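Biologist: Can you walk me through this model? I'd like the overall numbers before the details.

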Amino acid sequence: MKLLSLLQGVPRAVLLRETALALLPALLTLGLLLLATQPAYRTLIDNKETWSPYEYRALAQELQTYQIARLDPTVTTDERRRSWERALSSASTPGQFYELALVENYGEARLVSIKEDLQRNTPSSVRRAVMTALRLNAQADTFTRVRGPVPALQRLRSALILTAGLTALMSLLLITRALLMWRTERERRSRREARQREALSLASHELRRPLQSLLLASDLLRHAQSAEQRQHLLSLIEDSVVQLDSRADLTRLNDLYLDVSLRVQRTDLRPLVQRLAARRVDVCVPDAPLVWPVDANRVRQVLENLVENALKYTTGLVEVRLCLAGNRPEITVRDYGPGIPPALIERVFLPYERGPQGLDDGHGLGLALVRRYARAHGGDVCLARAGRRAYSHRAAG
């Protein structure tokens, strides 16, 4: 019952294919055995195939008996004549000799030569007939050995060995196939679990900031002195809740963090950049609106990660600048930290890769997510030396 319940979820085509492959060694063995044993069966069972060359021996004996009768003076003329007639009758009846044509192919002796020599009935012709009959009998013995049961059994033995070898090879191939399928499934499961862990790590990384903002605003709300302060803190709480909802949808973790799926709308990028302004963050945006089709929540995550990364590696000012480079928007985040070796510039964009030790610990996920979001928008992000010990991240959309 447990096996049947497991098979219920298997597609019919897959079930039929695997069943056929499982039965293939047995069917191959059965087919080969039937083909291999059929000739031996006919040779060993069929009476015509298990013949002995009796008629050839009988002919030789009759000729020898007649030759002796010719030389024995005690044999009467009638007895000698009857002996000759019996020998001639045998030599004149080729139908009684089984596979005569094939037997004659094994040597030079011919039944017709024996008949002709007997018809001459001279001492020399009778001797020739006897010698020819003996040679014909020897050819029949050779034919028996070649076409008899021993060669059939040898062929059967070879066929059985071949069948066993092919069956073993087929079983080995099926076992190898099963092992490869098992390894492929294990690797697929391992990749799926790794992707799930990566998605959860990125989600945890991105939930940290709105949670911190929510806790801070909630704590400050308890000590707010005016209605204006309370309204501002409530706005911060509402924004944090919206960001939590945007970043923590467990049904869309794959779309949010791995195979990124965007919800694009034409958005003015200036407010997204301006909200980063703080005591250590200087923001510069153009006077005119810079509208571009983006997923505002994902762009906000890009900017937060870039600014957080810049603040982590410097105690000084971080500059954020939005401009139109050519015909596309470009956001530059500049800090004045120690920088990183050129060999590590591209590695810091890989998950769990980190640059030099910063002021705060991190997990090496922020920049990887930034590049993923930037490329999903059709742009990219790069790290470059900006001069005067300044290092900048440029995110182009």
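Modeller: Accessible areas here come from the Shrake-Rupley method with a 1.4 Å probe, and for residues only the protein chains shown count as cover. On that basis the protein exposes about 24100 Å², with carbon and sulfur atoms supplying 58% of it. This is a predicted model: local features need pLDDT of at least 70, side-chain atom pairs count only at pLDDT 80 or more, and totals for chains, interfaces and linings use all residues. Residues are numbered from 1 along each chain as its sequence is written, and side-chain values use heavy atoms, with hydrogens and water left out.

Biologist: How many helices and strands does the protein have?

Modeller: There are 13 helices and seven strands. Helices (H or I, at least four residues) and strands (E, at least two) are DSSP runs, numbered from the N terminus.

Biologist: And what share of the residues count as buried?

Modeller: 34% of the 397 residues. Buried means under 20% relative accessible area, exposed over 50%, and partly exposed in between (1.4 Å probe, protein chains only).

Biologist: What about contacts between residues 24 or more positions apart?

Modeller: They account for 68% of the contacts with a separation of 6 or more, where contact means heavy atoms within 4.5 Å.

Biologist: Which aromatic pairs turn up?

Modeller: A search of the whole structure finds two. Rings of Phe, Tyr and Trp (its six-membered ring) pair if their centres lie within 6.5 Å; planes under 30 degrees apart count as stacked, over 60 as edge-to-face and the rest as tilted. Tyr-56 and Phe-97 form a tilted pair, 5.1 Å centre to centre with 55 degrees between the planes. Tyr-56 lies in helix α3 and Phe-97 in the loop between α4 (77–91) and α5, so the pair ties together parts 41 residues apart in sequence.

Biologist: Is Phe-97 buried or exposed?

Modeller: Phe-97 is buried, at 3% relative accessibility. Tyr-56 is buried as well, at 1%. The other pair is Tyr-106 and Phe-143, edge-to-face at 5.8 Å centre to centre and 70 degrees between the planes. That pair joins the loop between α5 and α6 to helix α7, 37 residues apart. Phe-143 is buried at 2%, while Tyr-106 is partly exposed at 35%.

Biologist: Back to α3. Which of its residues are buried?

Modeller: Among them are Glu-55, Tyr-56, Leu-59, Leu-63 and Tyr-66. Helix α3 (residues 54–71) has 18 residues and reaches 26 Å from its first C-alpha to its last, close to the 26 Å expected. The expected span is 1.5 Å times one less than the number of residues.

Biologist: And why call α12 largely enclosed?

Modeller: Because 14 of its 17 residues are buried. Helix α12 covers residues 296–312 and reaches 24 Å, close to the 24 Å expected.

Biologist: Changing topic: what does Gln-139 touch?

Modeller: Not counting residues up to four places away in sequence, Gln-139 touches Val-103, Glu-104, Tyr-106, Gly-107, Glu-108 and Ala-109. Gln-139 lies in helix α7 (residues 123–147) and is buried, with a relative accessible area of 6%.

Biologist: Where is Glu-108?

Modeller: In the loop between α5 (100–104) and α6 (111–120). Glu-108 is exposed at 75% relative accessibility.
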